[in-house]
Each structure stands twice: as structure tokens, then as C-alpha cells.
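Have the sequence and the model side by side. Then follow the chain step by step.

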Amino acid sequence: YNGILYNGIETGGINDWNGPTTMYLVGHSLGGGISEIVAANLHEWATDQKLKSHVQSFGVCSPGVLLSSAKFGFGVEALDKTSTSLLPR
């Protein structure tokens, strides 16, 4: 899925943005977990590309994705920088 996502962002103009930009990804339940994984991957990709953009995810009632970092190819540090989990009490 990474190739499709990154190609869509490149053709969508994120590489043409010359200043700091922010992309927000939001999802509920499984969608929240996916938004956290995608944001962490995009953060590492943008860092490698030397882009000034920032990606932030908000997962509402999302499953934990910390242990998925090895499977989906992102570092735990990227997850810490990009994800916020909203859980009801």
C-alpha cells in the first residue's frame, strides 16, 4: 500500500510545497490504527525526502499499533511524534 499512497501524495503536490505544511489523518477503530500507521510511515518518508511537512494522526478508539512497527516498516519514534489516540473513559 505504501507505493500507492506515496505516488498519490507526490502527484498531489506535497513535493511542491516549499514551506512547512501539516497533513492530518483521522480514523475511528481500525481506521484510527491505519491512520497511525500511515502517518508514521509518511513522517519517515518525508524526513528522508528532506520535506518540511508534518503528519499528525488522531485515532479514536483505535487498536494499539506499537507492536506493528516492525511489520509495517516504521520506527517507534515516528509513532511517538505523529500519533494521538483518543480513548473514552
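Is C61 buried, partly exposed or exposed? C61 counts as partly exposed, because its relative accessibility is 33%. Here buried means under 20% relative accessible area, exposed means over 50%, and partly exposed is in between, with a 1.4 Å probe and protein chains only. C61 sits in the loop between β2 and α3 (69-72). Its phi is near 55°, a positive value in a residue other than glycine.

A word on the basis of all this. This is a predicted model, in which local features need pLDDT of at least 70, side-chain atom pairs count only at pLDDT 80 or more, and totals for chains, interfaces and linings use all residues. Residues are numbered from 1 along each chain as its sequence is written, and side-chain values use heavy atoms, with hydrogens and water left out.

Now take the whole chain. The protein chain has four helices and three strands. Along the sequence they follow the pattern α-β-α-β-α-α-β. Helices (H or I, at least four residues) and strands (E, at least two) are DSSP runs, numbered from the N terminus. Of the 89 residues, 38% count as buried.

Next, the sheet. Three strands form an open sheet in the order β1-β2-β3, and the pairing is parallel. The edge strands are β1 and β3 (83-86), and each pairs on one side only. From one strand to the next, the twist averages 15°. Two strands pair if DSSP finds at least two bridges between them. β2 and β3 pair over four bridges. In β3, T84 is the bridge partner of F58.

Look at S57, in strand β2 (residues 54-60). S57 counts as buried because its relative accessibility is 0%. Leaving out residues up to four places away in sequence, S57 touches L25, S35, E36, A39, T82, S83 and T84. Contact means heavy atoms within 4.5 Å.

The C-alpha atoms of L25 and E36 are separated by 7.7 Å, and the two residues are eleven apart along the chain. Beyond four places in sequence, the residues that L25 touches include V38, L42, V55 and F58.

Phi of S29 is near 60°, a positive value in a residue other than glycine. S29 counts as partly exposed because its relative accessibility is 33%.

Then the helix. α2 (residues 30-48) has 19 residues and should span 27 Å at 1.5 Å a residue; its end C-alpha atoms are 27 Å apart, so the two values agree. The expected span is 1.5 Å times one less than the number of residues. α2 lies across β1, β2 and β3, running at about 155° to β1. Such angles run from 0 to 180 degrees between N-to-C directions, with axes fitted to C-alpha atoms, for helices over the stretch in contact. Just after α2, K50 takes a positive phi of about 60°.

Finally, the nonpolar cores. The largest has eight residues: L25, V38, A39, L42, W45, A46, L51 and V55. Its largest share, five residues, comes from α2. Apart from this core lies another, of six residues, among them I37, A40, F74 and L79. A nonpolar core is a set of buried Ala, Val, Leu, Ile, Met, Phe, Trp, Tyr and Cys residues joined through side-chain atoms within 4.5 Å. In soluble globular proteins, nonpolar side chains tend to be buried together.
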